[in-house]
Amino acid sequence: MPNANSLKKDWWPSPAKLNVFLHILGRLDNGYHQLQSLFQMLDYGDELAFDITNDGKITMASQLEGVRDEDNLIVKAAKLLAKEANSPLGVTISLNKRLPMGGGIGGGSSNAATTLVALNLLWKTGLSEDQLADLGLALGADVPIFVRGKTAFAGGVGENITPAEQQEKWYLVANPGVHVSTAEVFQAKDLPRNTPPIQWKDYIFEETRNDCQQLVANCHPEVAKLLQWLLHYAPSRMTGTGACVFAIFSDKASAEHVLALLPNAWQGFVAKGVNSSPLLNKKEQYK
Ligand SMILES: C[C@@](CO)(OP(=O)(O)O)[C@H](O)COP(=O)(O)OP(=O)(O)OC[C@H]1O[C@@H](n2ccc(N)nc2=O)[C@H](O)[C@@H]1O
Ligand SMILES: Nc1ncnc2c1ncn2[C@@H]1O[C@H](COP(=O)(O)OP(=O)(O)O)[C@@H](O)[C@H]1O
């Protein structure tokens, strides 16, 4: 239960995303991969609160388990913004972590984006959305998409973003409890890297796939098992480089029904797919 102190805080949403599909078109000379993906924003995620100080210090109210403060993307984002905008202010940041880490649902990238967007307003540093997205790219490939906050098609190495309104569906997101390293997936010899490009206007879910899914399912039987289980109920797929898996429903009750049946070995949550992220809605309140 939240304590009185946390109730008083002004919490900023840090939503998750799903890669509804993820195609790998090729590999560039620098080792990075050319992708095509539909980034679906969810109405579910972490929350951050920012207590502004005058001492120029950037600190976490408490350490995120398994992540040193200097490696935390939240701290990195705040430091980057302070440097870029030459801000003399400091901040103590509280994090209410709900999203599994390293699961392909973008929690770390989203935390970084929420930090950039919120502190730009609270520190009054006045950077444009384009400038924040550019700063974010230095922290991770998915940070710009969370700064923009729109469900979108992404091309290039992920930086080429085209907002694309989708029918708002319900997703059951389940975590098989295994950790998959993005870098290792992209290094794998037998990762398919030659999917032909598609035209965004021709996008149909059934004609797309996640090119990382087979490889990850082969290496992690738990991912294959979870996918098999979900496929009994609804169209299902892995997100990003894994390991989380999602199932698509047209209504909330059906998604919650399957969540209630999910075997205890797996954790999950139900979220609505939204075209505008909760962060964007919060930002609008400050205008
Ligand atoms: C492919 C996606 C789809 O959402 O996977 P998930 O991380 O969400 O699972 C992301 O764009 C990942 O973004 P992110 O996890 O921030 O990746 P980065 O830190 O930028 O890169 C991690 C490593 O992945 C590889 N990488 C990443 C992106 C890309 N287009 N091609 C790559 O080859 C590079 O080897 C890089 O060293
Ligand atoms: N604030 C943060 N939240 C989550 N992960 C973080 C954070 N800061 C750094 N990390 C590191 O980034 C890695 C990737 O996290 P995350 O973005 O949640 O996964 P993914 O990119 O697979 O969706 C984590 O394993 C963790 O070590």
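The centres of domain 1 and domain 2, taken over C-alpha atoms, are separated by 22 Å in this predicted model. The chain is divided into domain 1, residues 4-164, and domain 2, residues 170-274, with bounds that come from an automatic or database domain assignment. Residues are numbered from 1 along each chain as its sequence is written, and chains are lettered from A in the order in which they are written. Local features need pLDDT of at least 70, side-chain atom pairs count only at pLDDT 80 or more, and totals for chains, interfaces and linings use all residues.

Where the two domains meet, 27 residues of domain 1 are in contact with 34 residues of domain 2, contact being defined by C-beta atoms, placed from the backbone, that lie within 7 Å. On the domain 1 side, β1 (12-27) and β2 (33-53) each supply at least two residues, and the largest share, eleven residues, comes from β1; strands here are DSSP runs of E with at least two residues, and helices are runs of H or I with at least four, both numbered from the N terminus.

Turning to helix packing, the axes of α3 (residues 107-122) and α4 (residues 129-137) come within 10 Å and cross at roughly 145 degrees, where axes are lines fitted to C-alpha atoms, for helices over the stretch in contact, and angles run from 0 to 180 degrees between N-to-C directions. The contact is made by Ala 112, Ala 113, Leu 116, Val 117 and Asn 120 of α3, together with Leu 132, Leu 135 and Gly 136 of α4.
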